[in-house]
Amino acid sequence: MAKIDLQGKPIAITGASSGIGAVTALACAKVGMPVALAARRTEKLEALKERIEHEGGKAIVVRCDVASQDECDTMVERTVEAFGSIYSVFANAGFGAKHDLLDTSEALLREMFEVNFFGTVHTIRAAAKPMLSAQAGHMLICTSCLSALPSPGYSVYSATKSAQHHIGRALGVELAPSGIHVTTVHPVRTRTEFFEAMQLRQGADTLKVKDRPGQPAERVADAVIKALRKP
């Protein structure tokens with residue numbers, strides 16, 4: 001299969017305000033993809049938009065809480081309005097918490113599934129409408145290496161990531177006749193705000209964030225670009 005020319009092909013990225021989402025947005029813009037930057041923290045998105053435009057790219061900012069199907073639908077609609085179409089979506093928004101399963105509250109368990117799993121479903125459902133009409137597109141889901149590796153303290157997080165992976169695999173088979181590609185991305189530990197945000201949520205300095213090295217987010221972004229060029 002020949003490599004796909006990404007120039008001019010719009011992509012919407014959730015969780016684009018920091019970490020893997022922000023770095024991937026920069027990488028996509030660099031190869032000529034117009035980018036819809038989606039997250040709840042719009043002030044960070046505006047700064048990222050300015051940087052992309054300063055470097056010659058195209059970007060828009062869309063406030064989006066992926067737990068809402070309506071807001072995900074709006075994200076895709078805004079992308080199409082701004083750029084004329086949507087070729088790809090990267091369902092990247094999510095969060096983690098470190099608790100043993102029996103110590104995880106019902107509220108936290110459900111919140112993590114609402115954001116990580118159902119947020120992904122909302123994102124791909126929204127993007128599917130124009131992609132099916134065009135009979136082309138590429139959906140990417142940011143899951144984790146923990147989708148397959150049990151890790152104490154991360155049972156619920158791992159469960160959400162495994163669920164993302166399995167719906168991605170099934171979706172790829174379901175959409176293959178429609179010309180739409182589906183890719184699940186499984187990063188190992190990556191240097192982002194993930195652990196700092198988790199520490200703030202839990203209100204305790206128990207995670208030893210500084211003692212946890214990891215790969216740069218650029219490595220994940222490079223993998224996303226590689227997948228987009230050759231699914």
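View 1. Strand β3, residues 59-63, is mostly covered, with four of its five residues buried, where buried means under 20% relative accessible area, exposed means over 50% and partly exposed lies in between, for a 1.4 Å probe and protein chains only. The structure is a predicted model, in which local features need pLDDT of at least 70 and side-chain atom pairs count only at pLDDT 80 or more, while totals for chains, interfaces and linings use all residues. Residues are numbered from 1 along each chain as its sequence is written, and side-chain values use heavy atoms, with hydrogens and water left out. Strands (E, at least two residues) and helices (H or I, at least four) are DSSP runs numbered from the N terminus. Strand β2, residues 35-39, runs parallel to β3 and is joined to β3 by five bridges; two strands pair if DSSP finds at least two bridges between them. Within this pairing, Leu37 has Val61 of β3 as its bridge partner.

**View 2. The crossover from β2 to β3.** Between these strands the chain passes through helix α2, residues 42-54, and the resulting β-α-β crossover is right-handed, a term used if, with the strands pointing away from the viewer, the path from the first strand over the helix to the second runs clockwise.

**View 3. Thr14 and its contact with Asn92.** Thr14 is found in strand β1, residues 11-14, and counts as buried because its relative accessibility is 2%. A polar atom of the Thr14 side chain lies 2.9 Å from the backbone nitrogen of Asn92.

View 4. Ser105 is found in the loop between β4 (88-91) and α4 and is partly exposed, with a relative accessible area of 39%. The side chain of Ser105 reaches the backbone nitrogen of Leu108 at 3.1 Å.

View 5. The largest cavity holds about 40 Å³ of space, the volume being the space filled by probe spheres set on the points, which are joined across faces, edges and corners. Helices α4 (106-134) and α5 (155-175) are the elements that give two or more residues to the lining of the largest cavity, and α5 gives the largest share, three residues. Among the lining residues are His99, Leu108, Met112 and Tyr157.

Conventions: On a 1 Å grid over the protein atoms alone, a cavity is a set of points where a 1.4 Å probe fits but cannot get out, and a pocket is an open set with protein on both sides within 12 Å along at least five of seven lines; lining residues have an atom within 4 Å of a point. A polar contact is a pair of N or O atoms within 3.5 Å; within protein, one must be able to donate a hydrogen and the other to accept it, and residues adjacent in sequence count only if both atoms are side-chain atoms.
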